[in-house]
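User: Please take a close look at one helix in this model. Then show me how other parts of the chain are held to one another.

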Amino acid sequence: MRGKRVWVAGHRGMAGSAIARRLAPESCEVITASHAELDLRQQADVSAWMAEKRLDAVFVAAATVGGILANSTRPAEFLYHNLAIATNVIEGARLTAVKKLLFLGSSCIYPRLAPQPMREEMLLSGALEPTNQWYAIAKIAGIKMCEAYRRQYGCDFVSVMPTNLYGPGDRYEAQGGHVVAALTMKIHAAKVTNSTTVELWGSGTPKREFLFSEDLADACVFVMKNYSGEMFLNVGTGREMTIMELAKSIARIVGWTGEFTLDPSKPDGMPRKVMDVSRLAALGWKAPTDFETGMREAYRWYVENVAGIRTLTA
């Protein structure tokens, strides 16, 4: 990638910022644009901006994201925003002759009751999880656009499907964030306030897989440099834990020793979600960071960049 002009769309998000950091040693020119500079929902603006920048490669990490509550209460936003981003950036890449594009999807694209671990071939083999179907449909559309543009126009556009992410730059919102960020906030607050209990949504039994954001970035650069194919690639660890196990792991890292209570009236989401990562492993990439190591770095970032600021301004 030496000497290439590379756009990281969504560079302020957790995945995008990690990709931008990972590109630093690649000796390429990293191009970014804030939302104020470029609204990715406006097709004409996107195409004109891309033409002006003369891009060689694009990472599509921009998205409207959130957890179960955000997906359930803002379905139109999750569908429209993510469809618009995918269609505008992918079409803009074709119009401006971008040589390589990598689109980031999400493991929620798989059917709710997909056989586990989930293989790439299981896409569209069953009904989606209702709580995140709007986001999933937009991401499926992006994947299929990359496939279609490869078939019709010969564009070297590829897709990767990350599992649940955590790490520096996550969105720490109690009502709209992902599960790791939301639990980190709750448990840290319990420690600071000397609370003896923290409530978990649902039964605590759903199984999830978690990938450190810096590992995802490394995988994306690896795929950009080493893979050109129509089939998208799962990116994960292949290891899973229950939500209760996750909560207890975070509690150990935070240093909180209270008890967890359950609210079974809240949704669990998919009962189990773990990726089959054998395709990417066969190409030569495996996630190097264990959860304990990655979570300690994520918590350090949260304390230094989020919790401290909120404490000072409260």
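**Helix 6 and the links across the chain**

In this predicted model, helix 6 buries Val 180, Ala 181, Ala 182, Leu 183, Thr 184, Met 185, Ile 187, His 188 and Ala 190. Asn 194 follows helix 6, and its phi is positive, near 60 degrees.

Another histidine sits in helix 4. His 81 belongs to that helix, residues 75-95. Is His 81 buried or exposed? His 81 counts as buried because its relative accessible area is 16%, and the cut-off for buried is under 20%. Apart from neighbours within four places in sequence, its contacts are Arg 41, Thr 64 and Ala 76.

Now the salt bridges. The count comes to 22. One of them pairs Arg 5 with Glu 29, with the closest N and O atoms 2.9 Å apart. This pair links distant parts of the chain: Arg 5 is in strand 1 (residues 5-9) and Glu 29 in strand 2 (residues 29-31), 24 residues apart. Arg 5 is buried at 18% relative accessibility, while Glu 29 is partly exposed at 41%.

Asp 56 and Lys 99 also meet through their side chains, at 3.4 Å from N to O. Asp 56 lies in the loop between helix 2 (43-53) and strand 3 (57-60), and Lys 99 in the loop between helix 4 and strand 4 (100-104), so the pair ties together parts 43 residues apart in sequence. Asp 56 is buried, at 16% relative accessible area. Lys 99 is exposed, at 54%.

Glu 230 and Arg 151 form a further salt bridge, with closest N and O atoms 2.7 Å apart. Here the partners are 79 residues apart: Glu 230 is in the loop between helix 7 (213-226) and strand 10 (233-235), and Arg 151 is in helix 5 (residues 133-153). Glu 230 is partly exposed at 31% relative accessible area. Arg 151 is exposed at 65%.

Salt bridges also form a network, which links Arg 22, Glu 26, Asp 218 and Lys 225.

Three strands make an open sheet in the order 11-8-13, with mixed pairing. Strand 11 (241-242) and strand 13 (272-273) are the edges, each pairing on one side only. Strand 8 (residues 207-208) runs parallel to strand 13, and two bridges join them. Lys 207 has Arg 272 of strand 13 as its bridge partner.

Terms used:
Residues numbered from 1 in each chain as written. Predicted model: local features only at pLDDT ≥ 70, side-chain atom pairs only at ≥ 80, totals over all residues. Heavy atoms only, no water. Pairing = 2+ DSSP bridges. Helix = DSSP H or I, 4+ residues; strand = E, 2+ residues; numbered from the N terminus. Buried < 20%, exposed > 50% of the residue type's maximum accessible area, 1.4 Å probe, protein only. Contact = heavy atoms within 4.5 Å. Salt bridge = Lys/Arg side-chain N within 4 Å of Asp/Glu carboxyl O.
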